[in-house]
Amino acid sequence: QKEQLLKLVEVPSVTQDGVAMMLAANISSLKELETALGNGAEGVGLFRTEFLYMDRTRFPTEEEQFEVYKTAVQKLKGKSLTIRTLDIGGDKQLDYHELPEEENPFLGFRAIRFCLEHKDLFKTQLRAILRASHYGNVKIMYPLITSVEEVREANRLLEEAKRELTAEGVPFLTEIKAGVMIEVPAAVAIADMLAEEAAFFSIGTNDLIQFTLAVDRMNERISHMYEPFHPAILRMIRTTVQAAKTKGIPVSICGEIAGDVNALPIWLGMGIEVLSLSAQAILPLKERVLHSRASDGRYVFEEMLRCATAGEIKDLARRYFAEAA
Ligand code: PEP
Ligand code: MG
């Protein structure tokens, strides 16, 4: 089985009716990048940079970060690398930096909120990413965006970092794209407005499901309610995708659900052509892509939108594959 799948590493990820579904990887370290490339990743859609900040005694310097990002870019040999800025807080703590005790850490001082209050730390990371962008195809992505102001402020700091580097004579990709994660219901509701400020969207379903369904993603007691196929989630994703398409910016999916083979008809149905998933999920999903027809996906997806329950949506997904097989 595993050997059969490994034969697909070099096979282009295209449906039977010719629709390319780019399969990029989510990674959290350079080691995971190796695994991802070994599994045929066509790029990195989400580089979680928290590991650089955790398990150590102080914030990483610009130089330390630059070395890691540059190594990643070079290993990718022209394939795209989307680096997400620090998403600390929530469940992720730093030993060397006191974060406030919070009743609801997932709704608390984290991610872009932390970065916009620690502008020096944020700019250090932006500078490191910019410097690495000189060596390949790098994009920047901001996590946990809930408002247009946050994107403008982050982009303002990015421009500031660019001006500094220019003044210092340090090269970088001047046209670097900065996009946002759509992982909070507020961001979905203003997706059309965010699309005016962001170069691309990446839908983070892990948090989007948690916040939309009000189900703590770490709470075992209610894990049965954490339902990616809930009709509300389908609608949230569709709203986001429609806003992106209307405004003409790219949109991809980078939550865990991207790696669920049963969700494939949803992406085909919505016309999503880039998924970012964990390395181990790439080849099993590619096998399904090769056996799918995008035109059938569109038909199944229309039917899914009429379903009132997750159970019905999942039944449709399973039937889709039973018929394709
Ligand atoms: C997400 O929320 O879907 C996501 C990809 O980010 P993380 O899992 O790191 O919160
Ligand atoms: Mg998230």
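Student: What makes A111 buried?

Tutor: This is a predicted model, and the label comes from a neighbour count. A111 has 27 C-beta neighbours inside 10 Å, and the cut-off for buried is 20 or more, so A111 counts as buried.

Student: Which element holds L144, and why is L144 called buried?

Tutor: L144 lies in the loop between β4 and α6. It has 23 other C-beta atoms within 10 Å, and 20 or more is what the label asks for, so L144 is buried. L144 also has a positive phi, about 55°, and is not a glycine.

Student: Why is S29 called partly exposed?

Tutor: S29 has 16 other C-beta atoms within 10 Å. Buried needs 20 or more and exposed needs 12 or fewer, so with 16 S29 ends up as partly exposed. You'll find S29 in the loop between β1 and α2 (30–38). The C-alpha atoms of S29 and R48 are separated by 7.7 Å, with the two residues 19 apart along the chain.

Student: How do you know whether A25 is buried or exposed?

Tutor: A25 has 29 C-beta neighbours inside 10 Å; the threshold is 20 or more, so A25 counts as buried. A25 belongs to strand β1, residues 22–27. Beyond four places in sequence, its contacts include A36, A41, V44 and G45, and also S276, L277, A279 and I282. A25 and R58, on the other hand, are 33 residues apart in sequence and 28 Å apart C-alpha to C-alpha.

Student: V44 is on that contact list. What makes V44 stand out in the largest nonpolar core?

Tutor: That core has 94 residues, and V44 and V180 touch the most other members. Helix α10 (residues 231–247) gives the core its largest share, 7 residues. As for V44, if you skip neighbours within four places in sequence, its contacts are A24, A25, I27, L33, A36, L76, L81 and T82.

Student: What makes β4 a partner of β3 and of β5?

Tutor: Pairing takes at least two bridges. β3 (residues 80–84) and β4 have 4 bridges, in the parallel sense, and β4 and β5 (residues 177–182) also pair in the parallel sense over 4 bridges. On the β5 side, K139 has K177 as its bridge partner and Y142 has V180. The chain gets from β4 to β5 through helix α6 (residues 148–168), and this β-α-β crossover is right-handed.

Student: Why is β5 called largely enclosed?

Tutor: Because 5 of the 6 residues of β5 are buried, the strand is largely enclosed by the rest of the structure.

Student: How do you know that β5 and β6 pair?

Tutor: They have 3 bridges, in the parallel sense, where at least two are needed. In β6 (residues 201–203), the bridge partner of V180 is F201.

Student: Which residues are around ligand 1, and what makes up that shell?

Tutor: The residues there are L46, R48, D87, E183, G204, T205, N206, D207, C254 and G255. By class, the shell splits into 2 nonpolar, 4 polar and 4 charged. β2 (43–48) and α9 (205–213) each supply at least two of its residues, and α9 gives the most, with 3.

Definitions and conventions. Residues are numbered from 1 along each chain as its sequence is written. Chains are lettered from A and ligands numbered from 1 in the order in which they are written. This is a predicted model: local features need pLDDT of at least 70, side-chain atom pairs count only at pLDDT 80 or more; totals for chains, interfaces and linings use all residues. A nonpolar core is a set of buried Ala, Val, Leu, Ile, Met, Phe, Trp, Tyr and Cys residues joined through C-beta atoms within 7 Å. Two residues are in contact if their C-beta atoms, placed from the backbone, lie within 7 Å. A crossover is right-handed if, with the strands pointing away from the viewer, the path from the first strand over the helix to the second runs clockwise. A residue is near a molecule or strand if its C-beta atom, placed from the backbone, lies within 6 Å of it. Ala, Val, Leu, Ile, Met, Phe, Trp, Tyr, Cys and Pro count as nonpolar, Asp, Glu, Lys and Arg as charged, and the others, Gly among them, as polar.
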